[in-house]
Amino acid sequence: MFNRLFGKPKQETNALTSLDKLNETLEMLEKKEKVLVKKAAAEVEKAKEFTRGKNKRAAIQCLKRKRLYEQQIEQLGNFQLRIHDQMIMLEGAKATTETVDALRTGASAMKAMQKATNIDDVDKTMDEINEQTENMKQIQEALSTPIGSAADFDEDELEAELEELEGAELEEQLLQPATTAPAAPVHVPAGKKPAPKKRTAEEEELADLQAEMAL
């Protein structure tokens with residue numbers, strides 16, 4: 001009746017507490033196993049002493065107790081194996097629960113952001129940005145348009161005038177006499193006369209003509 005009205009009480013399992021409890025139990029079983037191993041080894045030593053003393057009955061009793069200890073050791077080993085399995089399963093379940101909680105938190109955050117951001121608002125914002133961008137382009141074009149007397153200038157006429165100026169400049173450069181660069185001085189070491197410059201064929205003919213006129 002009460003369960004129908006109020007619902008079943010939630011039994012929350014604390015994974016960390018459970019793991020700590022399993023670790024404590026595992027340590028207790030390991031300690032008991034070490035004690036039993038020592039007791040079994042002690043019984044073997046006693047059996048050896050009784051054998052050396054020719055006390056066969058006592059030696060057999062020691063071996064029987066050793067086997068009992070070994071059975072308990074094997075049982076404790078099985079208990080430890082089960083606890084290890086339980087710990088592995090619990091750790092896996094804990095990791096799965098944490099992963100699901102993280103995914104659920106992310107999904108809730110994304111849902112809240114989607115509620116805060118309406119698609120209509122996004123479209124409206126983009127339209128406003130595009131409108132402002134277009135207005136800015138029109139303003140820049142208006143500012144770059146020439147006004148006053150500059151607006152009456154013909155670009156084609158200005159281009160033709162510039163070509164005439166360039167042609168006149170080129171013609172003036174072609175009409176100027178070509179100038180030759182002065183010959184670089186020849187360095188002659190001290191004590192040596194400079195070698196006579198070899199004359200060209202025209203210079204040879206000019207020299208012969210001058211000699212004939214002198215005669």
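## Salt bridges

A salt bridge here is a side-chain nitrogen of Lys or Arg within 4 Å of a carboxyl oxygen of Asp or Glu. Side chains of opposite charge can pair when their charged atoms come close. In this predicted model, local features need pLDDT of at least 70 and side-chain atom pairs count only at pLDDT 80 or more, while totals for chains, interfaces and linings use all residues. Residues are numbered from 1 along each chain as its sequence is written, and side-chain values use heavy atoms, with hydrogens and water left out.

The structure holds six salt bridges. One of them joins Asp101 to Arg104, with 2.9 Å between the closest N and O atoms. Both residues sit in helix H3, three residues apart, or about one turn of the helix; helices (H or I, at least four residues) and strands (E, at least two) are DSSP runs, numbered from the N terminus. Asp101 has a relative accessible area of 36%, so it is partly exposed. On this scale buried means under 20% relative accessible area, exposed means over 50%, and partly exposed lies in between, using a 1.4 Å probe and protein chains only.

## A network around Glu43

Now to a linked set: Glu43, Lys46 and Arg65 are joined in a network of salt bridges. Glu43 pairs with Lys46, their closest N and O atoms being 4.0 Å apart. These two share helix H2 (residues 15-52) and are three residues apart, about one turn of the helix. Arg65 also forms a salt bridge with Glu43, and there the closest N and O atoms are 3.1 Å apart. That pair links distant parts of the chain, with Arg65 in helix H3 and Glu43 in helix H2, 22 residues apart.

Lys46, at 39%, counts as partly exposed, and Arg65, at 33%, counts as partly exposed.

Which residues does Lys66 touch, not counting residues up to four places away in sequence? Lys66 touches Ala40, Glu43 and Val44, where contact means heavy atoms within 4.5 Å. Lys66 belongs to helix H3 (residues 56-116), and its relative accessibility of 17% is why it counts as buried.

Gln61 is found in helix H3 too. Its C-alpha atom is separated by 8.0 Å from that of Ala47, 14 residues apart along the chain. With a relative accessible area of 36%, Gln61 is partly exposed.

## Surface patches

Patches are made of residues with over 30% relative accessible area and no salt bridge; like charges are joined within 9 Å, and nonpolar side chains (Val, Leu, Ile, Met, Phe, Trp, Tyr) within 5 Å. Accessible areas come from the Shrake-Rupley method with a 1.4 Å probe, and for residues only the protein chains shown count as cover.

A patch of negative charge on the surface gathers Glu155, Asp156, Glu157, Glu159, Glu161, Glu163, Glu164 and Glu166. Lys and Arg count as positive and Asp and Glu as negative, with His and the chain ends not counted; the place of a charge is NZ of Lys, CZ of Arg, CG of Asp or CD of Glu. Glu157 lies in helix H5 (residues 155-175) and is exposed, with a relative accessible area of 55%. There is also a nonpolar surface patch, formed by Ile119, Val122, Met126 and Ile129, with about 350 Å² of accessible area together. Val122 lies in helix H4 (residues 119-144) and, at 34% relative accessibility, counts as partly exposed.
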